[in-house]
There are 2 protein chains.
Amino acid sequence: MAGHTIRFSPQGRVTEAPTGTLLSEAVARAGIDLVQPCGGQGRCGRCVAQVCSGEIRARSTLRLSEADLEAGYVLACQAVVEGDAEISIPPQEELTRHLTSDRTAGAVSLPQGYDPQSSQTIRRIHLDIAPPSTDDQTDDWSRLLGALRRQASIGNISADLNLLRRLGVILRASGWRVVIVLDQPVQNGNARLLDIGPPETDEMPLYGITVDIGTTTVTVWLVDLLTGDVKAQASEYNQQIRRGEDIIARIIYASKNDGGHELRQLVLQTINGLVDTVCQRARTRPEHVVKAAVSGNTTMLHLLLGIPPASIRLTPFVPVVNQPPPLTAAEIGLEIHPRATVDCLPGVASYVGADITAGTLSSGLEHAETTSLFIDVGTNGEIVLGSREWLIACACSAGPAFEGAGVRDGMRATKGAIEEVWISSETLEPTCRVIGGGKPRGLCGSGLISLIAELFLNGLLDKAGNVNVGIEHPRLQMGEHGAEYVLVWAEDTVHGENIVLNHVDVDNLLRAKAAIYAGFSVLAESVGMPLEEAQQVLVGGSFGQYINVEKAIEIGLFPDVAWEKFKFLGNTSVQGAYLALIDRKARQKIADIAARMTYLELSADNTFYEAFTSALFLPHTDMSRFPSVAQKLARPQEKERAP
Amino acid sequence: MAGHTIRFSPQGRVTEAPTGTLLSEAVARAGIDLVQPCGGQGRCGRCVAQVCSGEIRARSTLRLSEADLEAGYVLACQAVVEGDAEISIPPQEELTRHLTSDRTAGAVSLPQGYDPQSSQTIRRIHLDIAPPSTDDQTDDWSRLLGALRRQASIGNISADLNLLRRLGVILRASGWRVVIVLDQPVQNGNARLLDIGPPETDEMPLYGITVDIGTTTVTVWLVDLLTGDVKAQASEYNQQIRRGEDIIARIIYASKNDGGHELRQLVLQTINGLVDTVCQRARTRPEHVVKAAVSGNTTMLHLLLGIPPASIRLTPFVPVVNQPPPLTAAEIGLEIHPRATVDCLPGVASYVGADITAGTLSSGLEHAETTSLFIDVGTNGEIVLGSREWLIACACSAGPAFEGAGVRDGMRATKGAIEEVWISSETLEPTCRVIGGGKPRGLCGSGLISLIAELFLNGLLDKAGNVNVGIEHPRLQMGEHGAEYVLVWAEDTVHGENIVLNHVDVDNLLRAKAAIYAGFSVLAESVGMPLEEAQQVLVGGSFGQYINVEKAIEIGLFPDVAWEKFKFLGNTSVQGAYLALIDRKARQKIADIAARMTYLELSADNTFYEAFTSALFLPHTDMSRFPSVAQKLARPQEKERAP
């Protein structure tokens, strides 16, 4: 079949594509990077392209306005090539590099009574080996084993072929005085030889990394394995975002052609880039990193390992593996020491992964005396209820709305994002706080929670989330998707267009918050415990650290318990991975948590759906669950003012 | 530095080489394959090239006659480029593909009471796995482990990442009824998952291979792992020969630049080619081969694994590893099932390798009731003395003379080789038996032994190996290297030149036989036992199978014991590897043999050197050691005649 010529401006690229090719495919083939947060499902509306001329047929026009359609806009993932065409690709939202500082990761301290000597599985041992002679012609490897047995009481040890290939040369070059590095996961158990070098190696650093692979953000810490000190931290967007903003979109993408391979490469690029960053900051080199503890949700770990995640998305929602075996950096593609042990922490189920088992450890829930709630707020919300006695977990797909996707003016928490909003109850005029100052570009998650709470408390939104069209106010106007609230007028924004919140946006946000609240309540109900009896609400996730508790309760995202019960912990997943990296007992505890955590599948019956439906209101259909909000609504507004 | 232009005829190749380049390097760069049996040491004289014109400086002219030098011949490995040149490369001796039939490998039978079920480490198990449901969301891998525990009582099992990547798809595609293949080296011990497939896999063959890597010949057997049946056998020259004909030459070559890498590729090509051959003969495919047992001398196994063998050659002669760990085919580069277990059998020392431990098992020496001698005749001669009670071994570098190298008209035992010679005591005229019939091209090892014995018994050679110039006979003439015996006149040979045996040849052969006999006698002396007390002389090695015992005793290669004590066993190394492949108990026995075999280093003191010097005569300085030969020399010749 002859191809058609597709020209792209302003990039000036040209490609050939036969009839029936998806325009997004043609864009990719032309080497142009098109953002597709929903993974090419026509859901997010981000991959717009303008057909200047030629034959392109649009299959779906969802999320495009009539004006857009008239101007020739199509969604690239929903448009099909039928002839030669000239296409204009608007500048893509930049996937800004976003380095979270230490505060987003949260502080972490060494476990009490921590002794690297007994806790760390990585050991460095100096060996004096008797040189061979005609009286003792023992081979090099047996000679090394003998010295190790006598000098360090280590019996069973293995080495890979690459190390055996270098063994003879190193032993002779170093005059039979060597330093070896080995990994011994179980005390007095089998050990694996990681490296061998001349005596000078003794002065070289011995590093490990903890990696948390979030759906949105990847975090890497560089740790001195001999002291447990965190030497550097860095975070960055997971480069997979451009191929789908949530887990489901990624799984769909992974199932297409070479999608799984591409996603694996993207997350590896992200991690390897972060490893370079932390190594540069600590003035060391990646080859000095000999151990990695990796946390992340089950899908992220499947994608990292190149294991097809398809079954995670399909009923009965079963992953291929919850507890990956120990692997080496070379097998996985991590650019650290090739023989470095890579320990992917164990998960519990498809939607309760290593991030939760590690988080449960670092949050302290695992040894809480009283029943506590632990929630990891992210694109996927995971909730654990329990104490040192028992643990039950569930997961609810909140979607990426709190991370700015699926919302017209939503964006990530970077420069230009409105992160907090106050609305005057007298003038109904808003005041915004913008990250980095300056003109705003959109709203991030905490800004959206804040805005909805303000609109609701000021009567601009009703309980069902509908804009109160009875109120006459210039900021209330009819838009493409019905009534909407204009938060910032076009002249005060970066892009010269109004920043608004429309009905579709509110709907997506209500679904997100309802999913999380329903998770809380079904989990509590399943053990017959009222939510308010939880003694602590431990909130994990770097996003969760910026949520204003009051407003989160006002919209019904968090249960209405005393504010002092909330503890914002930051990235509990990376903190747990850190503990696993430095302490073999902590690593064992995470395995124990995975083994004893009961997983409650929310899709199994109607209970969750009913709880979700009830929570689709502001703050909830059952106002008795939110007494503090009921009180606020009953009396005259006493809201704080913007400073 | 500007390069000189070097033209090669008749190949018509051209290359550029700067001043100082070895001519052999330039030949290789031009893509011409030059045979270098001695590894480029100027020792074998095979890499002759004729300088037609131009500036080539010869560093050494050893092994070139004055006529050769006048004609412009140089040794390519000893000649240096100093300007443009035109070089003629004579046709190389063809490394003929030589398929030994079953008789060279020797017959082998299943061990008594052999039960594949309990002896074989490879198991194929049919598993019915309960499909997941919302009531049981156990991950795929745990589900497989559970079924394996319940249905086959196998607990600890590991799988590599590539298999985990395919696991989910296979389980679902096969409706949770699968066949798995695993390797469990120790009964009830840890198992490694090799493969998983649909129920049909049950009917697929399950093969193993035994590989014997000789310095000269590589042998591969294809074995049905479920029955122990040998399905096909094939042998071929080790392609490494072109880079050195003995162990020392190979080690030297391996130490140069990328020599080790090249030698590894050459032996892999040889083995992989043989695997193809045996698979074609058995109408199967290499991917059905899931296990390999590999035998060979220590240097050959180092080269296969890519481990630098340099220390084997240097005092105190210590290898890097005698017992390589279990590896996979993919790690090594064997083109069979990528996850196939490759078990390199254990050796004892640098010159007593897996070929001897495996051979000791298959020769029966390991459970001999009475003291026996076991000798593996090869480029390196290895000798074991002992019984079920004790084992002592030594190695003596015989050199490749018996394999036709280092001898003017020597060649391998292929078509055109004289394999037996008879000399008339009356006419002193010879009769020859030629492999494949027709005109001869040269002499192979057994022909050389035969010829020397005949010359000696007929008084044409004296005890010291000197040609008796006192005898007037047309076949005794003066050659380049002194007096020589013309075995075949030019008109009766393939190449139209005389086939002769000269003084240098005799010297090399005497050194070879003296080394082996000295090995015998020093070993026997070391335990205070006269050689004649050995109850059996077990002779291994495919070369050893064709030796005429009588003539071998006459020249003093073998001790003078009753002929019926000799047992010619063929390739004991591959036979032992076969037993290790099919029987975990046999494999353990080889490890036990390696552990209990004492290695006697012959270079440690003067004893060997003295024994060697005494054996440098025909048959020996001490004739009392060879009473049967003394008797023959004393009475009139009663030799058999050619039929």
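Two strands are taken as paired if DSSP finds at least two bridges between them. I begin with that definition since the first part of this talk concerns strands and their partners. The structure shown above is a predicted model, and every value I quote is computed from it.

Let me start with chain A. A:Gln50 stands opposite A:Tyr73, a residue of strand E4.

I turn to the corresponding topic in chain B. Here, too, five strands form an open sheet with mixed pairing, in the order E2-E1-E5-E3-E4. At its edges stand E2 and strand E4 (73-75) of chain B, each with a single partner strand, so one side of each has no neighbour in the sheet. The twist from one strand to the next averages 50°.

Within this sheet of chain B, strand E3 (residues 48-58) and E5(B) pair in the antiparallel sense, over seven bridges. B:Ser53 stands opposite B:Glu86 in E5(B). Strand E5 of chain B, residues 79-88, also holds B:Ser88. Is B:Ser88 buried or exposed? Its relative accessibility is 18%, and B:Ser88 therefore counts as buried, the cut-off being under 20%. Leaving aside its neighbours within four places in sequence, B:Ser88 is in contact with B:Ser9, B:Ala49, B:Gln50 and B:Cys52.

The peptide bond from B:Ser9 to B:Pro10 is cis, with omega near 0°. B:Pro10 is found in the loop between strand E1 (4-9) and strand E2 (13-17) of chain B. In chain A, a cis peptide bond joins A:Leu618 and A:Pro619, with omega about -15°. A:Pro619 lies in the loop between helix H18 (606-614) and helix H19 (627-634) of chain A.

Why draw attention to such bonds, and to the phi angles that follow? Most residues other than glycine have a negative phi, and most peptide bonds are trans.

Two residues have a positive phi. A:Phe317 has phi near 60° and is found in the loop between helix H10 (310-313) and strand E14 (327-328) of chain A. With a relative accessible area of 18%, A:Phe317 is buried. B:Asn257 has phi near 35° and lies in the loop between H7 and helix H8 (259-281) of chain B. B:Asn257 is exposed, its relative accessible area being 75%.

Two packed helices are described by the angle between their axes and the distance between the axes. Helix H7 (residues 247-255) and helix H9 (residues 298-305) of chain B pack at an angle of about 30°, with their axes 10 Å apart. Angles under 35 degrees count as roughly parallel, and H7(B) is therefore roughly parallel to H9(B). The crossing of the two helices is left-handed.

Which residues make the contact between H7(B) and H9(B)? From H7(B) come B:Ile247, B:Arg250, B:Ile251 and B:Ala254, and from H9(B) come B:Thr299, B:Met300 and B:Leu303. By class, the residues of this contact divide into five nonpolar, one polar and one charged.

Finally, I return to chain A and to strand E8, residues 177-183. This strand is mostly covered, with six of its seven residues buried. Strand E6 (residues 122-128) of chain A is joined to E8(A) by seven bridges, and the two run antiparallel. The bridge partner of A:Arg124 in E8(A) is A:Val181. E8(A) also pairs with strand E9 (residues 191-197) of chain A, in the antiparallel sense, over five bridges. There, A:Leu182 has A:Leu193 in E9(A) as its bridge partner. In a regular strand the side chains alternate between the two faces of the sheet.

That concludes the presentation.

Key:
Residues numbered from 1 in each chain as written. Chains lettered and ligands numbered in written order. Predicted model: local features only at pLDDT ≥ 70, side-chain atom pairs only at ≥ 80, totals over all residues. Heavy atoms only, no water. Helix = DSSP H or I, 4+ residues; strand = E, 2+ residues; numbered from the N terminus. Axes fitted to C-alpha atoms, helices over the stretch in contact; angles between N-to-C directions. Parallel < 35°, antiparallel > 145°, perpendicular 65-115°, else oblique. Left-handed = near helix turned anticlockwise from the far one by under 90°. Contact = heavy atoms within 4.5 Å. Nonpolar A, V, L, I, M, F, W, Y, C, P; charged D, E, K, R; others polar. Buried < 20%, exposed > 50% of the residue type's maximum accessible area, 1.4 Å probe, protein only.
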